[in-house]
Amino acid sequence: MQRNPVGWFELYVNDMPRARHFYEQTLSVTLTPLEGSGLDVELWAFPGSPDAGGASGALVRMAGVGPGGGGTLVYFSCEDCADTAARAAASGGQIHRPKFAIGPYGFIALVSDTEGNLIGLHSMR
């Protein structure tokens, strides 16, 4: 089976309860705990299935690795990125760029989470 290039993602956080609340409210999902490797690490996974398209990932709290903007941007698929961006703002995030068209590829919006991570939201409508 041919796979998309991204197989997993991790968003690093400092305050796991706050970050979990933000993503669960914004994306209307329930994150589940993953067992760590015995190190000082806490992981909460986004729902996913190996048979579904796209990639899944987790929020991670790990000593020595913090959140923040960088050179990588994770896009979450959603029904309407304007609605999801509004939920992000209502959950303590900030809208950096409201919904805008990207031609035949749909629409995107850019928001930051409660930890300072910049994330993208993508929808076809």
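Guide: Let's start with a term: a polar contact is a pair of N or O atoms within 3.5 Å, where one must be able to donate a hydrogen and the other to accept it. Keep in mind as we go that this is a predicted model.

Visitor: Fine. What makes Asp80 and Ala82 a case of that, at the start of α2?

Guide: A side-chain oxygen of Asp80 comes to within 2.9 Å of the backbone nitrogen of Ala82.

Visitor: What follows each helix, α1 and α2?

Guide: After α1 comes Ser28, with a positive phi near 55°. After α2 comes Gly92, and its phi is positive too, near 105°.

Visitor: How do you know that the span of α1 agrees with its 12 residues?

Guide: The expected span is 1.5 Å times one less than the number of residues. For the 12 residues of α1 that comes to 16 Å, and the end C-alpha atoms are 16 Å apart, which agrees.

Visitor: Which residues of α1 are buried?

Guide: Met16, Ala19, Phe22, Tyr23, Glu24, Thr26 and Leu27. Helix α1 lies across β1, β3 and β4, and runs at about 160° to β4.

Visitor: What about α2: which of its residues are buried?

Guide: Those are Cys81, Thr84, Ala85 and Ala88. They sit on the same side of α2, because they take up an arc of only 100° around the axis. Their cover includes α1, β6, β7 and β8. The helix itself, residues 81-90, lies across β6, β7 and β8, at about 10° to β7.

Visitor: Now the strands. In what order do the strands of the sheet with β5 come?

Guide: The order is β5-β8-β7-β6, in an open sheet with mixed pairing. From one strand to the next, the twist averages 20°.

Visitor: Why are β5 and β6 called edge strands?

Guide: Each of them, β5 (74-77) and β6 (94-101), pairs on one side only.

Visitor: How do you know that β5 and β8 pair?

Guide: Two strands pair if at least two bridges are found between them. Between β5 and β8 there are four bridges, in the parallel sense, so they count as paired. Phe76 stands opposite Leu121 in β8.

Visitor: And what is the order in the sheet with β1?

Guide: That open sheet of four strands runs β1-β4-β3-β2, and its pairing is mixed. At its edges stand β1 (8-12) and β2, each with a single partner strand, so one side of each has no neighbour in the sheet. Neighbouring strands here are turned by 35° against each other on average, direction ignored.

Visitor: What makes β2 and β3 a pair?

Guide: Three bridges join them, and at least two are needed, so they pass; they run antiparallel. Thr32 stands opposite Ala45 in β3.

Visitor: How many bridges link β3 and β4?

Guide: Five, in the antiparallel sense. Among the partners, Val41 goes with Met62 in β4, and Trp44 with Leu59.

Visitor: Why is β3 described as mostly covered?

Guide: Four of its five residues are buried.

Visitor: Why is Ile119 called buried?

Guide: Buried means under 20% relative accessible area. Ile119 has 0% relative accessibility, so it counts as buried. This residue is in strand β8, and its contacts beyond four places in sequence include Leu11, Phe22, Tyr23, Leu73 and Val74. Gly69 is 50 residues away in sequence, yet 9.1 Å in space, C-alpha to C-alpha.

Visitor: Last one: is Asn117 buried or exposed?

Guide: Its relative accessible area is 6%, under the 20% limit, so Asn117 is buried. You'll find Asn117 in the loop between β7 and β8. A polar atom of the Asn117 side chain lies 3.0 Å from the backbone oxygen of Tyr12. Not counting residues up to four places away in sequence, Asn117 touches Leu11, Tyr12, Val13, Pro67, Gly68, Val111 and Ser112.

How values were computed: Residues are numbered from 1 along each chain as its sequence is written. This is a predicted model: local features need pLDDT of at least 70, side-chain atom pairs count only at pLDDT 80 or more; totals for chains, interfaces and linings use all residues. Side-chain values use heavy atoms; hydrogens and water are left out. Axes are lines fitted to C-alpha atoms, for helices over the stretch in contact, and angles run from 0 to 180 degrees between N-to-C directions. Contact means heavy atoms within 4.5 Å. Buried means under 20% relative accessible area, exposed over 50%, partly exposed in between (1.4 Å probe, protein chains only). The arc is that of the directions from the helix axis to the C-beta atoms.
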